[in-house]
Amino acid sequence: YQFSVLAQNKLGTSAFSEVVTVNTLAFPITTPEPLVLVTPPRCLIANRTQQGVLLSWLPPANHSFPIDRYIMEFRVGERWEMLDDAIPGTDGEFFAKDLSQDTWYEFRVLAVMQDLISEPSNIAGVSSTDIFPQPDLTEDGLVRPVLAGIV
């Protein structure tokens, strides 16, 4: 690099100083391997059943090594708590049972790969009061159809 200094104020501009030449260290011959980060698991969904909540997700989109395990977290209030930290990396589902009644739960999942932990997935929320009632039967013993809509 070559440097030269010029001073300037209200009274005017000075002449350039002498040029100073500086050499930096040589460029490395090999470039370091890029740091591999684990992207978060994708598409977490929570489905309420009679026995609990079935959580399912897709693995991280970009990872160069197999996922070692998943960590499932939940929260009822403000603080995240660990539900399970040893879900096998080959799994894409987890069944949460023994939930408190009349409670809104939020879940998220994280991936662990070679001591790296991903950012959390999207949050999936579900209410523990969403227990499905027994089907309404007609006089014939057939299930009465249910009509529903979303506005």
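User: Which residue in S8 stands opposite arginine 69?
Analyst: Arginine 69 stands opposite proline 88, which belongs to S8; please keep in mind that we are looking at a predicted model.

User: And how many bridges do S7 and S8 pair over, and in which sense?
Analyst: The pairing of S7 with strand S8, which covers residues 81–88, is antiparallel and runs over five bridges. The two strands form a hairpin, and five residues lie between them.

User: What holds strands of a sheet together in general?
Analyst: Strands of a sheet pair through backbone hydrogen bonds, and the pairing is either parallel or antiparallel.

User: Ok, glutamate 73 next. Where is it?
Analyst: Glutamate 73 is located in strand S7, which spans residues 69–75.

User: Buried or exposed?
Analyst: Glutamate 73 has a relative accessible area of 14%, and because buried means under 20%, this glutamate 73 value places the residue among the buried ones.

User: What does its side chain make a polar contact with?
Analyst: The side chain of glutamate 73 makes a polar contact with the side chain of arginine 108, at 2.6 Å. If we leave aside the neighbours within four places in sequence, the residues in contact with glutamate 73 include Trp80, Met82, Phe107 and Arg108.

User: Switching topic: what order do the strands have in the open sheet of three?
Analyst: The order in that open sheet is S5-S6-S9, and the pairing is antiparallel. Strand S5 (42–48) and strand S9 (93–97) stand at the edges, and since each has a single partner strand, one side of each is left without a neighbour in the sheet. On average, neighbouring strands of this sheet are turned by 20° against each other, with direction ignored.

User: How many bridges join S6 to S9?
Analyst: Strand S6, residues 52–58, is joined to S9 by five bridges, and the two run antiparallel. As an example of a facing pair, valine 53 stands opposite alanine 96 in S9.

User: What about arginine 48, which strand is that in?
Analyst: Arginine 48 lies in strand S5, and with a relative accessibility of 11% it counts as buried. The side chain of arginine 48 reaches the backbone oxygen of glycine 52, at 3.1 Å.

User: Last one, how many helices and strands does the protein chain have?
Analyst: The protein chain has zero helices and twelve strands, while 26% of its 151 residues count as buried.

Conventions
Residues are numbered from 1 along each chain as its sequence is written. This is a predicted model: local features need pLDDT of at least 70, side-chain atom pairs count only at pLDDT 80 or more; totals for chains, interfaces and linings use all residues. Side-chain values use heavy atoms; hydrogens and water are left out. Helices (H or I, at least four residues) and strands (E, at least two) are DSSP runs, numbered from the N terminus. Buried means under 20% relative accessible area, exposed over 50%, partly exposed in between (1.4 Å probe, protein chains only). A polar contact is a pair of N or O atoms within 3.5 Å; within protein, one must be able to donate a hydrogen and the other to accept it, and residues adjacent in sequence count only if both atoms are side-chain atoms. Contact means heavy atoms within 4.5 Å. Two strands pair if DSSP finds at least two bridges between them. Axes are lines fitted to C-alpha atoms, for helices over the stretch in contact, and angles run from 0 to 180 degrees between N-to-C directions.
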